[in-house]
Amino acid sequence: MMSKRPWKYPREIDFDSTKIETEPSGFKSLDEFMVFKKNTYELITLAALPGVGKSQLALQIAGFVSEKKEVLYFSTEMSANILTARLCAARYSIPLKSILTRDLAENQVRFEDAQLDLDLLKLGIVDDFPKSIDSVYKICDQAQGLGLIVIDQMPQFVESFEGYEGINRLTASFKTLAQKKKCPVLMVAQLNRSMQNRRRSDESTQRPMYSDLKGSSSIEQDSDIVMFLTADRDVNPNTTHVHIVKNKNGRTGDFNLQWLSTFVQFNDFQGDLFR
């Protein structure tokens with residue numbers, strides 16, 4: 001008996017199964033660009049300079065997705081306690097300082113409601129683990145029905161390997177992880193500070209470039225989506241720019257998000273497309 005042929009003809013293709021739908025991220029702006037897709041299992045890179053809010057944006061997205069699906073958030077810099085406090089502040093507009101100092105005063109009732117709601121989230125924060133690919137794989141294998149995996153931040157893994165070869169191994173492994181677990185992997189990365197010097201010397205160069213990423217060739221090759229965050233807090237303290245420079249099966253472009261530092265909170269802007 002002949003085995004089934006390994007190829008398919010166009011007449012045999014079910015186009016319904018190729019329809020791409022957006023997985024809600026909690027931000028209409030991101031959803032309009034089809035950043036989080038249900039059935040493409042993509043590696044998404046979110047990069048910015050320190051202090052712009054890349055980890056906070058990733059955390060808010062993880063919180064929203066975890067309302068319905070399991071999410072694993074691997075944190076290499078902040079503890080689970082701090083991340084939970086930041087998520088609480090952002091989701092319920094409670095000043096982060098009041099949560100950290102427990103000086104809640106008029107926010108006490110809102111804080112208690114927030115705690116009850118946070119208990120319902122399917123968000124697993126991993127803050128104490130070996131910074132290795134193998135450990136991430138083993139932990140992910142213990143979870144079922146994942147809707148999102150967040151790696152925050154990639155540079156902490158890079159220190160375990162040598163040069164660009166290590167970065168190549170990381171990005172390829174995280175791309176494979178997305179395909180294996182059938183969910184998006186959101187990888188948080190750093191932009192080089194040389195970008196700041198370039199922007200100071202040439203005001204016309206406002207957008208980040210792939211060369212601003214350490215290991216840019218590997219990240220550009222393996223990532224299905226690449227997003228940069230930039231902000232000039234001195235000029236526009238409540239505005240963060242999002243630059244989607246690569247988007248497989250989607251469009252690229254720029255838009256703004258509102259940033260409220262008191263609540264470490266990102267929000268959609270109305271009429272946010274700016275280019």
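Mentor: Start with the pocket: on a 1 Å grid over the protein atoms alone, it is an open set of points with protein on both sides within 12 Å along at least five of seven lines, and lining residues have an atom within 4 Å of a point. Its volume is the space filled by probe spheres (1.4 Å probe) set on the points, with points joined across faces, edges and corners. This is a predicted model, so local features need pLDDT of at least 70 and side-chain atom pairs pLDDT 80 or more, while totals for chains, interfaces and linings use all residues. Residues are numbered from 1 along each chain as its sequence is written, and side-chain values use heavy atoms, without hydrogens or water.

Trainee: Okay, how much space lies in the second largest pocket?

Mentor: About 210 Å³. There are 13 lining residues, and Gly 26, Gln 60, Ala 90, Arg 91 and Phe 266 are the closest to the centre.

Trainee: Which elements give two or more residues to that lining?

Mentor: Elements are DSSP runs, numbered from the N terminus: helices (H or I, at least four residues) and strands (E, at least two). Here they are α2, α3 and β9 (265-273), and β9 gives the most, four residues. By class, the lining has five nonpolar, five polar and three charged residues. Nonpolar covers Ala, Val, Leu, Ile, Met, Phe, Trp, Tyr, Cys and Pro; charged is Asp, Glu, Lys and Arg; the others, Gly among them, are polar.

Trainee: At what angle do the axes of α2 and α3 cross?

Mentor: Two packed helices are described by the angle and the distance between their axes. Axes are lines fitted to C-alpha atoms over the stretch in contact, with angles from 0 to 180 degrees between N-to-C directions. For α2 (residues 54-65) and α3 (residues 80-92), the axes come within 10 Å and cross at roughly 75 degrees. So the two are roughly perpendicular (65 to 115 degrees). In contact (heavy atoms within 4.5 Å) are, among others, Leu 59, Gln 60 and Phe 64 of α2 with Leu 87, Ala 90 and Arg 91 of α3.

Trainee: And how does α3 pass α5?

Mentor: In a right-handed crossing, where the near helix is turned clockwise from the far one by less than a right angle. The axes of α3 and α5 (residues 108-118) come within 10 Å and cross at roughly 115 degrees. Leu 87 and Arg 91 of α3 take part, as do Phe 111 and Asp 117 of α5.

Trainee: Where does Ala 105 lie?

Mentor: In the loop between α4 (96-101) and α5. Ala 105 has a positive phi of about 45 degrees, though not a glycine.

Key. Angles under 35 degrees count as roughly parallel, over 145 as roughly antiparallel, 65 to 115 as roughly perpendicular and the rest as oblique.
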